[in-house]
Amino acid sequence: MNSFEPTAKPIVAVTGASRGIGHAIVKKFYDDGWDVLTLARTPFSQVCPWAEGIVHHIETDLSEEASVRAAAMNLRERLAGRGLDALVNNAGISPKDDTGGRLLATQTEIEVFRKVEMVNLIAPLILVRELLDPLMQAGGAVVNVSSIAATQVHPFAGAAYAISKAGLSALTRELAHELAAKGVRVNAVSPGEIETSILSPGTSEVVSRDVPMKRLGHPGEVADVVAFLCSKKSSYVNGAEIPINGGQHLA
């Protein structure tokens, strides 16, 4: 296992960093001069944008509590006494039906509900709790990646996903209120239709109908806001949730 070098660089941990928004978040922090540590179910990807990333990657299954706790312990060991400047809870799963469509609340198996809630909601809580000491040490920030589906019925995101993201938004508020006095800020971002490799069929119609800016968002546009919320430029921002959807939430 490799720990970070004792440099003045700030450190961020990002979950679900192997593709899409997570990948863009990693690249943004790396380009901004942060030390980046990633947590994902998959092994380190050779297409990740930082040369030494392979030594800063922890494989973990966020659907299993024991795996999440083990990853947090691994991360604390790698910090080697240094503080954690930011934690970005980006990972999320959204199961579909056999045709790739959204699963309704009455259709979703309870075990599927449990898995989605574990990955999207409970794992972020466990990570915050397990990493609170290094976050406090650094006066760090937590950013949770929620979704527009947390506040309105979405044509592609299923019920389990929407419920978990609504819970994540509520968790953001609770943690922001609870941890502010400990020097840790907690905020969230709420992306809408973002251009990734796994767009659902019909996305262009949703964008044309519901997004006032009439275009998809780019992963880098989400990453920019996440990085802002983790930086000292947002030092008085706490308990906020920023929609990143071109005005889609206004529809």
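Which exposed residues does the face of α6 turned away from its buried side carry? That face carries Ser204 and Arg209. Here exposed means over 50% relative accessible area, buried means under 20%, and partly exposed lies in between, for a 1.4 Å probe and protein chains only. This is a predicted model, in which local features need pLDDT of at least 70 and side-chain atom pairs count only at pLDDT 80 or more, while totals for chains, interfaces and linings use all residues. Residues are numbered from 1 along each chain as its sequence is written, and side-chain values use heavy atoms, with hydrogens and water left out.

Helix α6 comprises residues 203–210, of which Thr203, Val206, Val207 and Asp210 are buried. These four cover an arc of only 100 degrees around the axis, which puts them on the same side of α6; the arc is that of the directions from the helix axis to the C-beta atoms. Helices (H or I, at least four residues) and strands (E, at least two) are DSSP runs, numbered from the N terminus. Gly202 belongs to the loop between β6 and α6, and with 29% relative accessibility Gly202 counts as partly exposed. Gly202 and Pro155 are 47 residues apart in sequence, and their C-alpha atoms are 8.9 Å apart in space.

The strands form an open sheet of seven, in the order β3-β2-β1-β4-β5-β6-β7, with parallel pairing. Two strands pair if DSSP finds at least two bridges between them. At the edges stand β3 (57–59) and β7 (241–244); each has a single partner strand, so one side of each is left without a neighbour in the sheet. From one strand to the next, the twist averages 15 degrees. Three bridges join β2 to the parallel strand β3, and His57 in β3 is the bridge partner of Thr38.

Helix α5 touches β5 (141–145), β6 (185–191) and β7, and its direction makes about 160 degrees with that of β6. Contact means heavy atoms within 4.5 Å. Axes are lines fitted to C-alpha atoms, for helices over the stretch in contact, and angles run from 0 to 180 degrees between N-to-C directions. Helix α7 (residues 219–230) lies across β4, β5, β6 and β7, running at about 170 degrees to β6. The buried residues of α7 are Pro219, Val222, Ala223, Val226, Ala227, Leu229 and Cys230. They cover an arc of only 160 degrees around the axis, which puts them on the same side of α7. These buried residues pack against α1 (20–31), β4, β5, β6 and β7.

In soluble globular proteins, nonpolar side chains tend to be buried together. A nonpolar core is a set of buried Ala, Val, Leu, Ile, Met, Phe, Trp, Tyr and Cys residues joined through side-chain atoms within 4.5 Å. The largest such core here has 32 residues, of which Leu75, Leu84, Leu87 and Leu131 touch the most other members. At least two residues of this core come from each of β1 (11–15), β2 (35–40), α2 (65–79), α3 (110–130), α4 (132–138) and α5 (159–179). Helix α3 gives the most, with seven residues. Apart from this core lies another, of 23 residues, among them Val26, Phe29, Val36 and Val88.

Leu104 is partly exposed, with a relative accessible area of 36%.
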